Amino acid sequence: MSDEIIVKFKPGVTAAARDRIISSQRATVRRMSPFAGFKQVRIPAGKTVAEMVQRFRDNPNVEYAEPHYVAHLVLTPNDPWYVTQWNL
C-alpha cells in the first residue's frame, strides 16, 4: 500500500503512549493485528512511506517499522505434490 506502513511497539509501551506517538506523526491506525500486535498505520498526505518508516524507526519505543507491501504469487512451485496440498 502506498499510503500505509506497519509499526510494532516494544513490549511495555502503553496504549496511551502508542496513540501519542502515532498522532504526533499525524498518522492514523487503520487496523491492529490481534495476533502479532503490530499496527497498520495510514501515513498523512504529503509524506512518503520511506520518510514515515524512518521517523517511526527513530523512536526508541518502536520495535520495528516497515512499508506495508502486498505480495503476489508469480509462479507455481516445482513440487509435484503441490496440487494436492489443501492449504495452498
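Predicted model: local features only at pLDDT ≥ 70, side-chain atom pairs only at ≥ 80, totals over all residues.

Reply: Residues are numbered from 1 along each chain as its sequence is written, and side-chain values use heavy atoms, with hydrogens and water left out.

Me: Why is F9 called buried?

Reply: F9 has 7% relative accessibility. Buried means under 20% relative accessible area, exposed over 50%, partly exposed in between (1.4 Å probe, protein chains only), so F9 counts as buried.

Me: What makes β1 and β3 a pair?

Reply: Strands β1 (residues 4-9) and β3 (residues 39-42) share four bridges in the antiparallel sense. Two strands pair if DSSP finds at least two bridges between them, and strands are DSSP runs of E, at least two residues, numbered from the N terminus.

Me: What does the largest nonpolar core hold?

Reply: The core has 16 residues, and those with the most contacts inside it are I5, V7, F9 and F56. Helix α2 (49-57) is among the elements that give two or more residues to this core; α2 gives the most, with four residues. A nonpolar core is a set of buried Ala, Val, Leu, Ile, Met, Phe, Trp, Tyr and Cys residues joined through side-chain atoms within 4.5 Å.

Me: Which residues is F56 in contact with, leaving aside neighbours within four places in sequence?

Reply: Contact means heavy atoms within 4.5 Å. With those neighbours left aside, F56 is in contact with I5, V7, I21, I22, Q25, V62 and A65.
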